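Thanks for coming. I have one structure to go through today, so please look at it first.

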Amino acid sequence: RIGEYIAAAAIEGCGWKTILTPMEYIDIVAMCGTRFMRVQVKASNLGHRHDRKPAYNFLTRDQHNNPLSDHLIDIVALVAIDQRKTVFELPCNLKRRTVRHPKHFHDIDIERITWENAATQILGEAYGVRSRPEVS
């Protein structure tokens, strides 16, 4: 549940309002004016294995082992719990059963950049990567 709060804070930092939901596939509904996004959160702590470099491992399947569907969710939030950082991806970009993310979420603006990139792909160019959504 902490991952949902971290992701919601990151989304709110991008100028959107959020509601945590008790729905099966949707963890957060993000809203800006009349626009909304359905967000599923995947959270991980840094994993250490003797044969690999430390990384975050995110299971990107639903509870029935099906790939995440862009018919049910718009954006997936990958949360590094210990760093309190989130990367946003479209479900169609997460083809593997497990996504490994490197140890560091380097870019200080990674949350804003990945949120705006995903929102632009869903809402179209009218949203614009550099635009700030109006907050009502």
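Start at Ser44, which touches Tyr56, Asn57, Phe58, Val79, Ala80 and Ile81, leaving out residues up to four places away in sequence; contact means heavy atoms within 4.5 Å. Ser44 sits in strand S3. Strands (E, at least two residues) and helices (H or I, at least four) are DSSP runs, numbered from the N terminus. With a relative accessible area of 8%, Ser44 is buried, where buried means under 20%, exposed over 50% and partly exposed in between, using a 1.4 Å probe and protein chains only.

A word on the source: this is a predicted model, in which local features need pLDDT of at least 70 and side-chain atom pairs count only at pLDDT 80 or more, while totals for chains, interfaces and linings use all residues. Residues are numbered from 1 along each chain as its sequence is written, and side-chain values use heavy atoms, with hydrogens and water left out.

Now the cores. A nonpolar core is a set of buried Ala, Val, Leu, Ile, Met, Phe, Trp, Tyr and Cys residues joined through side-chain atoms within 4.5 Å. The largest has 22 residues, of which Ile11, Trp16, Met37, Val39, Ile75 and Trp115 touch the most other members. Two or more residues each come from helix H1 (2–13), strands S2 (28–32), S3 (35–44) and S6 (75–80), and helix H2 (110–123). H1 gives the most, 5 residues. Another core, of 11 residues, lies apart from it and includes Ile26, Val29, Leu68 and Leu94.

Last, confidence. pLDDT is the predictor's confidence in each residue, from 0 to 100. The protein chain has a mean of 80, with 78% of its residues at 70 or more. Over residues 128–136 the pLDDT is below 50, and this stretch has 23 contacts in the model beyond near neighbours in sequence.
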